[in-house]
Amino acid sequence: MVAALNSDLFARTVTDKINNALYRQVYNFRHKQLALLTRLVLIYARYQKPIQRSIVALICLALAERLHKMVRLVTSTTERKSTNSSNKGGASAAGTPRRGGAQLDKQFFDNLRRLVSIVVPGVASQECAMLAAHTVLLVFRTFLSVAVAALDGQIVSALVRLQGREFLWGIARWMGMAVPATLTNSLLTYLQSILAIKFRQNLTEHVHKKYLGGNTYYAVGNLDDRVRNADQLIAVDIRKFSDSLAALYFNLAKPTLDALVYNVQLARSLGVESLFGIMVIIQASMAMMRALAPPFGQLVAQEQRLEGDFHFAHARLIEHAEEIALFRGHEAEKLTIAHRYTRLVRHVNRIVRLNVFYSMLEDFVVKYFWGAAGLVACAAPVFAKRLPGATAAVAPAATAAAASSGDLGSRTRDFITNRRLLLSGSDALGRMMYSYKEIVELAGYTERVTDLLTVLDDVVEGQYTKTKVGTAAALSEKSPAARGPDIVSQRGRVVESPDDVEFIGVPIVSPNGDVLINSLSFHVTPGRHLLIVGPNGCGKSSMFRILGGLWPVYGGTVRKPSMRQIFYIPQRPYLPIGTLRDQLIYPDTVADMAARGTTDAQLLDILEVVQLRHVVEREGGWDAVKLWKDALSGGDKQRIAMARLFYHRPQYAIMDECTSAVSMDIERAMYTHATELGITLMTVSHRQSLWQYHNYILQYDGQGGYMFSKLDPERRIALVEEKQNIEQQLADIKDLEARLQDLEMQAAAY
């Protein structure tokens with residue numbers, strides 16, 4: 001038993017020795033760590049000034065590198081612009097090269113600068129004044145936030161110290177600051193909304209000036225292939241760009257200002273070193289976020305294109321509803337629309353999936369990782385003085401903080417204030433990170449709107465990009481030496497003449513390069529009414545489009561009066577939105593009508609000529625507003641178009657099958673009245689009844705040839721009738737020969 005007790009005592013003694021040894025090792029290790037940390041603090045205290053200067057120099061070097069990159073960006077942009085301008089002739093003709101998608105590169109900043117110069121016309125503009133007021137409010141709100149952070153710390157400090165009077169006074173000051181704070185927030189939201197409206201108004205007016213100037217709206221849709229849905233770009237994309245730009249200024253300017261002011265305040269309370277460490281962590285995490293960020297700009301631009309395709313498919317369905325219904329093509333159209341909608345939905349789902357991953361990463365980094373780094377920085381001054389021998393070694397800001405932390409209330413006040421500033425600064429940096437996604441979305445809208453402006457500028461200058469077909473497509477596949485000069489890139493002359501129309505060696509070429517006639521020449525003077533005949537697709541309407549200025553002149557010379565002296569009447573007349581009076585005087589307004597001295601009674605006399613006087617009473621008077629394309633029949637529409645011609649009384653009238661839906665007696669009355677008014681007629685029609693009103697004929701053979709000669713209506717009618725009789729006789733002979741052969745075969749069988 002004694003041996004057992006001795007053995008147990010020996011075991012306890014060994015265990016105590018081991019525990020004491022381990023304790024001493026742990027104590028020595030912790031003491032060494034504390035000594036090392038103290039030594040590092042002392043070394044830092046000795047070289048504090050050089051370290052701070054090195055940090056400032058490092059920050060200056062980083063800023064200098066950023067400025068150097070910006071200078072290189074501007075220089076390369078200028079060189080690219082000069083290169084493009086020197087090669088403008090060939091490059092524009094070939095079309096504007098498209099990038100793979102919207103990107104945050106120098107092209108984006110060029111495009112954004114171009115659009116900003118439109119939405120903000122100048123320094124003295126109302127928009128600039130609103131931006132200045134917006135900036136002043138942002139600065140006021142930021143400094144108000146700093147004051148609120150300091151007040152927050154004082155209120156909590158008073159609460160910890162159990163100072164009721166100081167606590168209540170702090171609450172009163174808090175409520176007093178709430179009034180200007182809420183007013184400032186409301187004014188900022190109001191100014192942002194007004195800025196978005198002004199931006200959209202300025203940009204829309206600029207686009208309308210180009211798009212609705214001359215025949216640009218026609219050329220964009222018919223002579224150029226780069227923009228397929230100008231309506232969506234003008235009505236939707238410009239609005240989204242304006243809203244995004246106005247929101248971006250608020251969402252980017254305020255966080256930037258907040259981060260700057262809060263960092264200055266934190267540098268005073270925590271020291272430059274702690275703030276620099278936090279900024280290093282933030283910059284590293286932001287670089288990681290940028291590297292992992294999906295290409296939102298490209299995705300948004302592609303989404304808008306798919307939205308435009310889907311919208312365009314529905315617009316075509318509405319436009320051609322009658323033809324589709326007669327062909328029973330609803331199933332085919334459903335497949336087309338469903339295919340485009342499926343592509344859109346698939347793309348949107350892809351964006352949503354990418355957003356889930358990126359949002360999770362953003363929330364973790366911004367809310368938690370940056371918050372933890374900020375809390376460590378806030379606690380550093382409080383724990384610095386607890387290091388042995390390090391009270392005087394910390395940074396001056398930290399020393400001041402430690403000195404003022406003699407009691408719990410002071411430490412609480414400093415910690416709450418610094419924490420509030422850090423959280424606000426972290427929130428500002430987080431909003432800057434979130435704004436990156438808004439910037440790339442803005443890049444998508446910027447690219448779309450800039451593409452529209454580029455196409456409009458090219459079209460105004462007569463530069464078109466069109467897919468070539470037919471002979472032009474075949475020639476484009478050959479070598480430059482074999483295909484010769486591109487006729488689409490050539491231009492002829494347009495000369496304004498007082499009263500005659502003349503084509504001198506003008507090629508009739510479609511915008512996609514298909515040559516219909518190599519060289520067309522004819523001359524029409526007042527009173528020489530021209531009849532134009534030929535098979536479909538031979539170039540009759542194409543010649544009218546060139547004469548009307550819709551298509552460019554690809555060679556030769558065109559002499560014609562001003563466009564106000566040439567009036568075009570198509571087979572399907574255009575009826576604008578407005579009153580019945582507006583249908584007759586279009587494109588004039590009521591003010592223009594009054595300036596001409598025309599009255600409603602005179603308009604009624606014009607309707608009497610086309611035998612449409614009863615329409616005024618039937619439809620409810622001159623001021624009745626209806627959807628006239630549905631309210632009037634096809635014949636009534638054509639007679640309204642002829643009445644419009646009689647109201648304007650131009651020198652020349654281009655009449656393209658414009659009486660196909662009216663009876664011959666009304667047609668006779670309209671043509672007779674037109675000649676009595678001195679209007680020179682240029683008519684496309686297959687009706688022989690109209691020949692008598694013309695004395696010249698331009699006849700196409702459909703093979704690239706034509707004939708221009710004087711027209712003798714009676715002689716031509718006689719020749720046509722004789723030709724038809726001979727063709728009928730020949731057809732009868734063929735029938736008799738076939739019958740004779742059949743009889744011979746039957747006789748041989750018997």
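Six strands make up an open sheet of mixed pairing, in the order β6-β9-β10-β4-β11-β12. Strands (E, at least two residues) and helices (H or I, at least four residues) are DSSP runs numbered from the N terminus, and two strands pair if DSSP finds at least two bridges between them. The model is predicted: local features need pLDDT of at least 70, side-chain atom pairs count only at pLDDT 80 or more, and totals for chains, interfaces and linings use all residues. Residues are numbered from 1 along each chain as its sequence is written, and side-chain values use heavy atoms, with hydrogens and water left out.

β6 and β12 each have a single partner strand, so one side of each lacks a neighbour in the sheet. The twist averages 15° from one strand to the next. β9 and β10 run parallel and are joined by five bridges; isoleucine 654 has methionine 682 of β10 as its bridge partner.

| β6 | 566-569 |
| β12 | 706-710 |

Angles run from 0 to 180 degrees between N-to-C directions, with axes fitted to C-alpha atoms, for helices over the stretch in contact.

The axes of α20 (residues 600-609) and α23 (residues 634-648) come within 9 Å and cross at roughly 130°. Leu603, Ile606, Leu607 and Val609 of α20 meet Ile640, Ala643, Phe646 and Tyr647 of α23, contact meaning heavy atoms within 4.5 Å.
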